[in-house]
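Let's take a walk through this structure together, starting with its aromatic rings and ending with its sheets. Keep the view open as you read.

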Amino acid sequence: MIPIQLIEVSAHELMTRAGIDIPADYLSGLKAMAEVEEGDLSSFVLRAMLENYEAATVDRRPMCADTGVPRYYVKVGNETQIEGGFVALEQALRSATARATHDIPLRPNRVQPLWRTDYNNNVGINAPEIEYSFEPDGDWIEITTVHKGGLFGTDYRMLFPGDGIDGIKRFFLDTMITFGKRGLACQPAIVGVGLGGSKDIAMVLGKQAACLRIVGNKNPDPRIAELEAELKDLGNSIGMGAMGFVGKSMVVDCHIEVGYTHTGGMPMSIHAFCLSSRRATAQIHPDGRVVHRTDPNWFTAYMRRETVEWPPLKEHSRKFA
Amino acid sequence: MATTQGTLKEVCLTTPVDDTALRALEIGNIVYLDGVIYTARERVYQRVIGDGEMPPEDFTSLGNVNFHCSPAATAKQDGTLSVGAVTATASFRFSNWMADWFRISGAKVIIGKGGMSGKDYQALFVPVGAIYLTTVGYGTGALLGRGIKRVRSAHWLDELGIAQAMWVFEVERFGPLLVESDHTGQSLFEVNNRSVNQGLAELYKGLKPLSLSRYGETDDRERELI
Ligand code: SF4
């Protein structure tokens, strides 16, 4: 049984780490871009960002004052038991969000969309969002918090099978250029692409691809991995860099996630995880151990399964036949 | 005071910034500020311009630098205000307010995110001798937060909330900022857009058009959508 108090305290710690410390994978990706950037303004911006991350970590202050919209991704093992169950878990995550907003401090960004009601704690109806996934083995819980900037750099479009790879590239370029101008997307960014599923799932997959896979990670399907590399290069060949200035730093990495979709369609979403790529993960065990890391490891083989049964072994399915 | 950083010129300004200093700035200069700056965005504009209510503090003591921002801040138990990081918010949404705001407040410097259009600079900024500074990144919240030495006051905090209140900051080496529009109303972003636009047609070459288009869609990629 995992103590609920431990979950609340760990989630508060996660909010702090995410808000203040830039993940190492993104940092080294950005440093590599800064080294090859030739545009003088774009390269000045990258150097200022590198200084900013250092200032945040040294001063223990948020790297960006725009908190984005803090949310959680929760993965639980099939054997996991949480003290008080899932209702207690959700309450703990809401309480950690409210406390961290005051303590760090984070900017209270969440308001009711119509009346703009603001409780000054980043908590409200459907906020923070909590998404769940499961793992066949394990008695632990993994909590990831992501603070993604909210307003620009994301788009959705229904493409069709006939649009093919050309269509994907076209929509990718359209989105990068629209939001790249003046740097509205706060690039260079980790760009996530969701392909397939139904509309909502295409959005969810693209966002998770941007926020929950680290720089350097490749899709296990080699042909998808190839397309990831191609889109990354395409983005960096627009001629635009940080803040939309002349340069070549747009895409730190590109991640694609797919879901089986309607036979007549190819829905696609694009999400730019901004210069403040804030994510932090903790794995919490029933014996009280808490392991912190910056790789959410969200897309497991189990999550990407194609088969009816799990594990996808022939002998296994025969056993049930 | 001016130094150079690579090919870029760096300038330190003291607020209120005088006209001579403003006229000396060129697009692409790096700027750091010392003195007093204040935040004001839609709810403050509505209150002052729309409702005709004046801030509790006179504009002359607020200086002439208006920051489009809402800080990550908190009111501590002893009543003092503390600011962690500050980041600008996108300015193009506020252009309808600016003519009245310049007239009432006497602001000469706008700090924000993303700038406004060259048309806005010509129509609204040049006639009053105002310039626009953009924050860098735009996520340099921690560096900008470092430059804030003291929160002097936060007006209308209860009514407007942390994000929309009028914050008055005493700052030291507040930056880096970039001159996006100078006294002639040029826009650094637009100058860069023009260069980037030249390569766009080549990028799309050979990509076949999409089968379903959308109402209002443009293929003129030189256009900005703000
Ligand atoms: S999009 Fe830019 S301003 Fe918004 S949270 Fe990210 S870095 Fe900060």
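Is B:Phe189 buried or exposed? Bear in mind that this is a predicted model. B:Phe189 is buried, because its relative accessible area is 1%, under the 20% cut-off. A ring partner comes from the other chain: the centres of B:Phe189 and A:Phe245 are 5.5 Å apart and their planes meet at 10°, so the two rings are stacked. To find them, look for A:Phe245 in the loop of chain A between helix H7 (222-236) and strand S6 (251-259), and for B:Phe189 in helix H8 (residues 188-197) of chain B. A:Phe245 is buried too, at 0% relative accessibility.

Now turn to chain B for a pair with another geometry. B:Tyr45 and B:Trp97 are 6.1 Å apart from centre to centre, with 45° between the planes, and the pair is tilted. B:Tyr45 belongs to helix H2 (residues 42-50) of chain B and B:Trp97 to helix H4 (residues 95-105) of chain B, so this pair links parts of the chain that are distant, 52 residues apart. B:Tyr45 is buried at 0% relative accessibility, whereas B:Trp97 is partly exposed at 21%. Both belong to one aromatic cluster, together with B:Tyr38, B:Phe59, B:Phe94 and B:Trp101. Over all chains, the count of aromatic pairs comes to 16.

Rings also meet charges here. In chain A, the charged end of A:Arg305 sits over the ring of A:Tyr302, 4.1 Å from the ring centre. In chain B, the charged end of B:Arg173 sits over the ring of B:Tyr32, at 3.7 Å from its centre.

A:Arg157 lies in strand S4 (residues 154-159) of chain A, and A:Arg157 is buried, with a relative accessible area of 3%. Where does the side chain of A:Arg157 make a polar contact? The partner is the side chain of B:Glu217, at 2.5 Å. Leaving aside residues up to four places away in sequence, A:Arg157 also touches others, including A:Phe171, A:Met266 and A:Pro267 in chain A and B:Leu210, B:Leu212 and B:Arg214 in chain B.

Four strands of chain A form an open sheet in the order S4-S7-S5-S6, with mixed pairing. S4 and S6 of chain A stand at the edges with a single partner strand each, so one side of each has no neighbour in the sheet. From one strand to the next, the twist averages 15°. S4(A) pairs with strand S7 (residues 266-273) of chain A in the antiparallel sense over 6 bridges, and A:Tyr156 has A:Ser269 in S7(A) as its bridge partner. Two helices lie across S5 and S6 of chain A: helix H2 (residues 24-36) of chain A runs at about 130° to S6(A), and H7(A) at about 140° to S6(A).

A further sheet of chain A is open and mixed as well, with 5 strands in the order S2-S1-S3-S8-S9. Its edge strands are S2 (130-135) and S9 (290-293), each pairing on one side only. Here the twist averages 20° from one strand to the next. Strand S1 (residues 69-77) and strand S3 (residues 141-148) of chain A pair in the antiparallel sense over 8 bridges, and A:Pro70 stands opposite A:His147 in S3(A). Helix H6 (residues 199-212) of chain A packs on this sheet, touching S1, S2, S3 and S8 of chain A, and its direction makes about 95° with that of S3(A).

Technical notes:
Residues numbered from 1 in each chain as written. Chains lettered and ligands numbered in written order. Predicted model: local features only at pLDDT ≥ 70, side-chain atom pairs only at ≥ 80, totals over all residues. Heavy atoms only, no water. Phe/Tyr/Trp six-rings, centres within 6.5 Å; stacked < 30°, edge-to-face > 60°. Buried < 20%, exposed > 50% of the residue type's maximum accessible area, 1.4 Å probe, protein only. Lys NZ or Arg CZ within 6 Å of the ring centre and 35° of its normal. Polar contact = N/O pair within 3.5 Å; in protein donor to acceptor, adjacent residues only side chain to side chain. Contact = heavy atoms within 4.5 Å. Pairing = 2+ DSSP bridges. Axes fitted to C-alpha atoms, helices over the stretch in contact; angles between N-to-C directions.
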